[in-house]
Amino acid sequence: MSSAWLLPEHIADVLPAQARRIEELRRDLLDGARGYGFELVMPPLLEHLDSLLSGAGRELDLKTFKLVDQLSGRTLGVRADTTSQVARIDAHLLNRRGVTRLCYCGPVLHTRPDGLHGTREPLQFGAEIYGHAGLEADLEVQELALDALQRAGVSQLTLDMGDARIVRGVLAGASIEASALGQIYAALAAKDQAAMDAVSAALPASARQGLSALLRLYGGQEVLDVAREALPQHPLIAAALDDLTWLAQHLREAYPQVRIGFDLADHSGYAYYSGARFAIFAAGTSDALVRGGRYDEVGAVFGRNRPAAGFSMDLKQLVAIAPTRSMRPAIRAPWGEQPELRAAVRALREQGESVVCILPGHEHEGEEFACDRELANVQGRWLVRPL
C-alpha cells in the first residue's frame, strides 16, 4: 500500500533552497538571452499529439506522455521538448520576415529519465534563431550557451562539436534501410567497431571505410585535418569540416579558457540536426549540460521551412553542479499593528529589499533568509540597523 506523500519515480519536489537557486538562475539566463536580442515565448504544456510529434518531433514519441482531451476527444501530449513548439510559433503565429530570435524556459515531461539519477521533469531553457542560414547564427547560439554557463558560475568547460552532414556524405549513394541506418548511428555513438563491421557489411567499400574512420575521429583540432584525408571526398563532408574549422577559430578567440574538441562520430539527435551540432560539458560531469546545433528542417512540417539554430539545457541539472550562491541579505522586522511600522516595511519592500516579519510567538525560530539587518524603533522612528 503506497503512502499518499510518495511521488512517482524520478519526480521530486523542489524545496526552498534549491528553488531559490533555480529561479535566480532562470532570471539570469533570460536576462542574458535578452541582452542578445532574444524574445521570450511561453508555449503551452499540452498540445494535440499530432502537432507535438510532427516532423522532427516524431523522435519524441516514446518520451511523450499521452492523454485524451475530455473536451474534444482528441489525443493530447505533454511536451517532452520545446523546440518544435517554438518552430510552430515562428512559422504560424509570428510569421516574420528575416531573423527572429526566441527563447523559452519551462518544464517538460519525459516518460523515462535520461539517466539513472535524472529527472523526468526537466526545467528546459533554450534559445532559437530563425531565418539565417549562415554560420553567424550557429556562432551566436554557441556563444550564448557558453555565456549562460559562465553566468551560472560553471568553469572548466569543454565544447564538443560535430556535424550531421558528415555521415550523410559518407553514406551518399548507398542504399540503406531506416532500421540499418539506426544501427549505424548506434554503433557510431558506442564507438563499436564490431557492430559497425556487421551492420555495414553490405555497403560500398568507400562507405565502410568512412564509417570505420569516423569511430576514431575524436579529439582536438588535428581531428579535422585527419578527417580530410580519411573520409571520402564529398561536398557535404568538405563543407562540414570547413564550417567546424571556422566556428572553432572564432570560439577560441572569444573563449580562450574553453577547451574545444571534436567527435565526428557523435550524432545524438541525428534525425533532428541538419548541420553543425555541439555539446558542452563541465569538468567532473559525464552528461552534456547543453546540446544544440543547426536544424533547418524543424519548421517544414508547419509549412515554413526556415533556417534554424539553437540549443537547450536543463536548469535542474545545471543548478546541481553550479557553485552555491550566497543568499541575498534580508531585513528582520517585528510584526506590529502600528501604522508607522507597517508603512516602514512597505517602503523597504518597494525599494527592493526583502523584509521578513517575525510573527508573534516565533521570535526564536531559525530563518531561511540571511538577515543581516533589522528594522528597529529608535527614539520613536523605525530605522534599519545592522544586526
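The legends below describe close-up views of one predicted protein model.

Residues are numbered from 1 along each chain as its sequence is written, and side-chain values use heavy atoms, with hydrogens and water left out. Local features need pLDDT of at least 70 and side-chain atom pairs count only at pLDDT 80 or more, while totals for chains, interfaces and linings use all residues.

**Figure 1. Overall view of the predicted protein.** The protein has twelve helices and 16 strands. Helices (H or I, at least four residues) and strands (E, at least two) are DSSP runs, numbered from the N terminus. The C-alpha trace spans about 90 × 55 × 50 Å along its principal axes. Of the 387 residues, 45% are buried. Buried means under 20% relative accessible area, exposed over 50%, and partly exposed in between (1.4 Å probe, protein chains only). Accessible areas come from the Shrake-Rupley method with a 1.4 Å probe; for residues, only the protein chains shown count as cover. Among contacts with a separation of 6 or more, 68% join residues 24 or more positions apart. A contact means heavy atoms within 4.5 Å.

**Figure 2. The nonpolar cores.** A nonpolar core is a set of buried Ala, Val, Leu, Ile, Met, Phe, Trp, Tyr and Cys residues joined through side-chain atoms within 4.5 Å. The largest core has 74 residues. Met 161, Leu 214, Leu 264, Phe 311, Met 313 and Leu 318 touch the most other members. Helix H4 (residues 135-151) gives the most to this core, with nine residues. A second, separate core holds 15 residues, including Val 86, Tyr 104, Tyr 130 and Tyr 295.

**Figure 3. Helix H8 and its cover.** Ala 207, Gly 210, Leu 211, Ser 212, Ala 213 and Leu 214 are buried in H8. Their cover includes helix H5 (164-170), helix H6 (178-190), H7 and helix H9 (222-230).

**Figure 4. Ser 200, in the loop between helix H7 (193-199) and helix H8 (205-214).** Is Ser 200 buried or exposed? Ser 200 is buried, because its relative accessible area is 2%. The Ser 200 side chain reaches the backbone oxygen of Met 196 at 2.6 Å. Leaving aside residues up to four places away in sequence, Ser 200 touches Arg 208 and Leu 211.

**Figure 5. A salt bridge between Glu 23 and Arg 26.** A salt bridge is a side-chain nitrogen of Lys or Arg within 4 Å of a carboxyl oxygen of Asp or Glu. The structure holds 24 salt bridges. Here the two side chains meet at 2.7 Å, N to O. Glu 23 and Arg 26 are three residues apart in helix H1, so about one helical turn separates them. Glu 23 is partly exposed at 26% relative accessibility. Arg 26 is partly exposed too, at 25%.

**Figure 6. A salt bridge between Arg 294 and Asp 138.** The closest N and O atoms are 2.8 Å apart. This pair links distant parts of the chain, with Arg 294 in strand E11 (residues 290-294) and Asp 138 in helix H4, 156 residues apart. Both residues are buried.

**Figure 7. The salt-bridge network around Asp 266 and Arg 291.** Asp 266 and Arg 291 meet through their side chains at 4.0 Å, N to O. Asp 266 is in the loop between strand E9 (259-263) and strand E10 (276-282), and Arg 291 is in strand E11, 25 residues apart. Asp 266 counts as buried, at 13% relative accessibility. Arg 291 is partly exposed, at 32%. Asp 160 and Arg 277 also belong to the network.

**Figure 8. Two residues with positive phi, His 10 and Gln 379.** Most residues other than glycine have a negative phi. His 10 has a positive phi of about 65°. His 10 sits in the segment before helix H1 (16-35) and is partly exposed, at 30% relative accessibility. The phi of Gln 379 is near 50°. Gln 379 is in the loop between strand E15 (370-378) and strand E16 (381-386). Gln 379 counts as exposed because its relative accessible area is 80%.

**Figure 9. A nonpolar surface patch.** Leu 45, Leu 46 and Leu 67 together have about 230 Å² of accessible area. Patches are made of residues with over 30% relative accessible area and no salt bridge; like charges are joined within 9 Å, and nonpolar side chains (Val, Leu, Ile, Met, Phe, Trp, Tyr) within 5 Å. Leu 67 lies in strand E3 (residues 65-68). Leu 67 is partly exposed, with a relative accessible area of 35%.

Methods:
A polar contact is a pair of N or O atoms within 3.5 Å; within protein, one must be able to donate a hydrogen and the other to accept it, and residues adjacent in sequence count only if both atoms are side-chain atoms.
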